[in-house]
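Here's a quick tour of a single protein chain. Have a look at the model below, then read on.

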Amino acid sequence: MSAQSSQTDDDSDEDGDEDNKASSNARPNQAPSVIGITAPTVLNIGQTGTWKVNAYDPENGSLSYSVDWGNEVAAGLKSLQAEPIFVQTAEFEHAYAAAGTYKVRFTVRDEAGKTTDSSVTVRVRKLQTESVEIRGLEV
């Protein structure tokens, strides 16, 4: 499974100018990083899949997670408080009602508003059922 990531960096204020920092020695805020996504690659229609997103904030701040399932259904926002260990994990569950290939996009936002996106693809298929015909059976 491969995941695609992108980061946004928005240090500008309403005027489009860079924000003034309290200290010239202050390290600028860095965007969070997604370091892994555990996700199903194939599901049957109606089958619930579980996606786990592992991310960290270089400043060890709290992170918020959101997901676009690729089928016009959005999951609610999840927020996690920072732990002593930088890596945080958010878990999402979803089931699809129609067959197809969906691009699932996760967005992780830190307390300063910096975001990173990462996506995976899941293929949803119609459940194949087999029928067996038995002839000549007497009861």
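Over which residues does pLDDT stay under 50?

## Confidence

That stretch is residues 10–23, where the model has 10 contacts beyond four places in sequence. Keep in mind that this is a predicted model. Across the protein, pLDDT averages 79, and 66% of the residues score at least 70.

## The open sheet

Three strands make up an open sheet, ordered β2-β4-β7 with antiparallel pairing. β2 and β7 sit at the edges, each pairing on one side only. On average, neighbouring strands here are turned by 20° against each other, direction ignored.

Zooming in on one pair, β2 and β4 run antiparallel and are joined by 5 bridges. Ile-37 has Val-53 in β4 as its bridge partner.

## The nonpolar core

Val-53 turns up again in the largest nonpolar core, which has 21 residues. Along with Trp-51, Tyr-65, Phe-92, Tyr-96, Val-104 and Phe-106, Val-53 touches the most other members. At least two core residues come from each of β2 (33–38), β4, β5, β7 (87–95), β8 (100–110) and β9 (115–125). The largest share is from β8, with 4 residues.

Now for the loop between β4 (48–56) and β5 (63–68), which is where Asn-60 lies. Its phi is near 60°, a positive value in a residue other than glycine. Most residues other than glycine have a negative phi. Asn-60 counts as partly exposed because its relative accessible area is 24%, between the cut-offs of 20% and 50%.

Terms used: Residues are numbered from 1 along each chain as its sequence is written. This is a predicted model: local features need pLDDT of at least 70, side-chain atom pairs count only at pLDDT 80 or more; totals for chains, interfaces and linings use all residues. Side-chain values use heavy atoms; hydrogens and water are left out. pLDDT is the predictor's confidence in each residue, from 0 to 100. Contact means heavy atoms within 4.5 Å. Buried means under 20% relative accessible area, exposed over 50%, partly exposed in between (1.4 Å probe, protein chains only). A nonpolar core is a set of buried Ala, Val, Leu, Ile, Met, Phe, Trp, Tyr and Cys residues joined through side-chain atoms within 4.5 Å. Two strands pair if DSSP finds at least two bridges between them. Axes are lines fitted to C-alpha atoms, for helices over the stretch in contact, and angles run from 0 to 180 degrees between N-to-C directions.
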